[in-house]
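Visitor: Could you walk me through how to read a model like this one? I would like the general idea and then the case at hand.

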Amino acid sequence: MSVPFILFFLFALASVAGAIMLIVAREPIHSALSLILVMVSLAALYLLLGAEFIAAVQVIVYAGAIMVLFVFVIMLLNAGVEQRTNLSKMAPYAGLPLAVVLLFGLAHWMAHSAIGTTVANGVGAPTQTAASTRLLSEMLFRKYLFPFEATSILILIAILGALVLARKPE
Amino acid sequence: MEFVAQHPVLVVSLVKIAVLLGVLMTALAYLSWFERKVIAHIQSRWGPYYVGAHGLLQPLADGVKFLFKEDLTPPAADRFLYILAPFLALSLAMTTLALIPFGPSTVYIFGQPTQLVVANVDVGLLFLFAITSIGVYGIAIAGWSSNSKYPLLGGLRSSAQMISYEVSLTLSVVGVLLLAGSFNFNELIAHQQGYYLHFIPRWHVFPQIVGFLCYFVAAIAETNRAPFDLPEGETELVGGFHTEYSSFKFAMFFMAEYGNMITVSCLATILFFGGWLSPLPDSWTWQQYIPGVGLLLTAVYLAYDTVRNMSGIGRIQLTVVTLLAGGIGLLCLLPAVAPVIQGPFWFLGKVFLILFFYVWTRSTLPRMRYDQLMSFGWKLLLPVSLLNLVVTSLVIVWPYLVKHG
C-alpha cells in the first residue's frame, strides 16, 4: 500500500461521505458545508493525478468563491430547518434496487473499459506536472480561443442580466 | 526504522513540519507581546512589564490563562460547527506556511542537500490563494454556529469584507506573475536577482509599486486588521464573530489572525521584496557575518540593560536571554552555519519589518466605517489594481507589438 493509494481512498471516501451528507442534512448550512467538503476532496484527487493547476483552481473558484456566496446567502436569509415530506412509497422498492444495479453496472464498466483501466493504472503515478499550467494556457488561448472568449462574453451577459433584474425599480 | 528508510521524503517532511510548527507557535506568542509593546510605546505607555523582565513571560501567562478559563458553549449553538470553526481557522492559517520558502532552494545541512520549505509546489501561489480562500469559512461558521445576534452580524460583515478584498488581493499580484512568468515561489524570487545601477536590488516592488500598495491594503483588510477590523468592532458588535467564544477556542482565533498576518507578510516579502535574497551586493562577502554580529551586539546591549536597570528575578531572566542571544550569535558566526542562516535571516528580517508596519498602522489609523470600506474596496482598490494589470501587460507586450505590428 503506497501513500498515494491510501490518500486516494481517504479523499474518495470523504467526497462520497460529503455527497451523502449534502442530501441527508436537514440544516441548509450543513448541506452547503458538505458540498465544500466534496469539492475540496475532489481537488485533492486532482492533485493525486498530478493536476496541480486544476486542483488549485477547483478550490479557489468552487470552494472559495461560489460556495462562500451560498453560505453567505443562507446566513443572511437565516433559512430554517428543512421540512420533510412523506417519503415516496416507490423509493424502497424501486429506487434502492435500481441504485444497486447502477452501482454494479458502473463498477463493471470501469473495470473493463479502456478509460477505466487507464485511470486505474494512472492512480498514484502523477503525470508530468511542470508543463501542465503552460500547456493548459496554450490550449485555452490558442487552440480554443474562440470558445473561451465566447464563454466569457456569455458570463458577462449573465452578470449584466442579474444586475438589471436585481436593481430596484425607479 | 524500516519505514524511515522506505519513505525518506515523508520523514524529512514530517521533521520540517515539526520544526516549523514549533517556531511558528513561539513566533505567534511573541508577536502578540511585540504588538502590545510597540503600541504601548507609541502611546507613551510601558505595555506588558511585570511578568518576566520587560514582560517577556507575558505570552506564557496568557497561554496558561486561556487554558484554564472556563470553556463555555452557548446552549443554542450548533455544537459540531461551533467546535469546528476555530480548528478550521487555525489549521488553514498554519497550512499556508508549508508553502513558504525560507531560504535558497538547496542548502547543505550536515552535508545533505535540503530545501528550506515543506512543500515546493509548482503552482505555489495558487495553492496559497486556494487555502486562504477557504479561510473565510472559519469566521463565517463561527458567526453562524454561535446562534447569537452579534456574532452573526460580525461573521456576515467579515465574509463580505473578505470576499470583496480577495478580488483586489489576487489581481494586485498578477502584475508580478506577468513579470516573472511563473507561479512557483522559487522562480518568483530567482527573477528578482541582480541590481539596477549596480546597487538597487531588482525587487518587484520598484516596477510594481502600485501593485504592492494595492496588495498591502487588500492584505490588511483580508486579515481583518486595523483600520479594517470591522468584524470585531467592539463598540458596535461587542467583539464580532468570536463574541461567544471563550478559553482556548478564542485563543485559536487569535492565533489564526496572527498566523494569517505572518503568511501575508511572507507573501509580500516573496512577491515584492526579493524573498530570501540579500539587499546587499553579492561581492560584499562579509555580509554573511551580519546575523551573528547583529545578535552579539544585541547581547551586549541586553547585558548593559541587565546590569543597569534590572534587579532581583528580572536580572536572572534577562541574563538568560542575553546568554541565549550571545550563544546563537556565536553559533551564526561558525563557517558551517553562516551560509545556511543567510537566506532565513534576510527573509525573516523583511517579514519582521512588514509586521512592524502592520502594528504601526494599527496604532495610528482610526477604524473605517462599513460603507466606506465597501466603496473603497470596490470603487477604488479594484479599478486601480485592474489598471495596474492592464498597464503591466501592455508594457510587457509592447516590444512584440512594435516588432510584429
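Guide: Let us begin with burial: a residue is buried if 20 or more other C-beta atoms lie within 10 Å of its own, exposed if 12 or fewer, and partly exposed in between, with C-beta atoms placed from the backbone. Ser44(B) has 6 C-beta neighbours inside 10 Å and therefore counts as exposed. This is a predicted model, in which local features need pLDDT of at least 70 and side-chain atom pairs count only at pLDDT 80 or more, while totals for chains, interfaces and linings use all residues. Residues are numbered from 1 along each chain as its sequence is written, and chains are lettered from A and ligands numbered from 1 in the order in which they are written.

Visitor: What is the phi of Ser44(B), and where does Ser44(B) lie?

Guide: Most residues other than glycine have a negative phi. Ser44(B) is not a glycine, yet its phi is positive, about 60°. Ser44(B) sits in the loop between α2 (8–42) and α3 (58–68) of chain B; helices (H or I, at least four residues) and strands (E, at least two) are DSSP runs, numbered from the N terminus. Asn224(B) also has a positive phi, near 60°. Asn224(B) is found in the loop between α9 (209–222) and α10 (234–237) of chain B, and it counts as buried because it has 23 C-beta neighbours inside 10 Å.

Visitor: How many residues of α5(B) are buried?

Guide: Eleven of the eleven, so α5(B) is largely enclosed by the rest of the structure. Among them are Gly124(B), Phe127(B) and Ile134(B). The buried residues of α5(B) pack against α3 of chain A and, in chain B, against α4 (79–95), α6 (136–145), α7 (149–180), α8 (185–190) and α11 (247–272).

Visitor: How many residues does each chain bring to the contact between chains A and B?

Guide: Chain A brings 18 residues and chain B brings 20. On the side of chain A, helix α3 (residues 52–77) gives the largest share, 13 residues. By class, that side has 14 nonpolar, three polar and one charged residues. Ala, Val, Leu, Ile, Met, Phe, Trp, Tyr, Cys and Pro count as nonpolar, Asp, Glu, Lys and Arg as charged, and the others, Gly among them, as polar.

Visitor: At what angle do α1(A) and α2(A) cross?

Guide: Axes are lines fitted to C-alpha atoms, for helices over the stretch in contact, and angles run from 0 to 180 degrees between N-to-C directions. The axes of α1 (residues 3–24) and α2 (residues 28–48) of chain A come within 8 Å and cross at roughly 155°. The two are therefore roughly antiparallel; angles under 35 degrees count as roughly parallel, over 145 as roughly antiparallel, 65 to 115 as roughly perpendicular and the rest as oblique. Residues of this contact divide into 16 nonpolar, six polar and no charged.

Note on methods. Contact = placed C-beta atoms within 7 Å.
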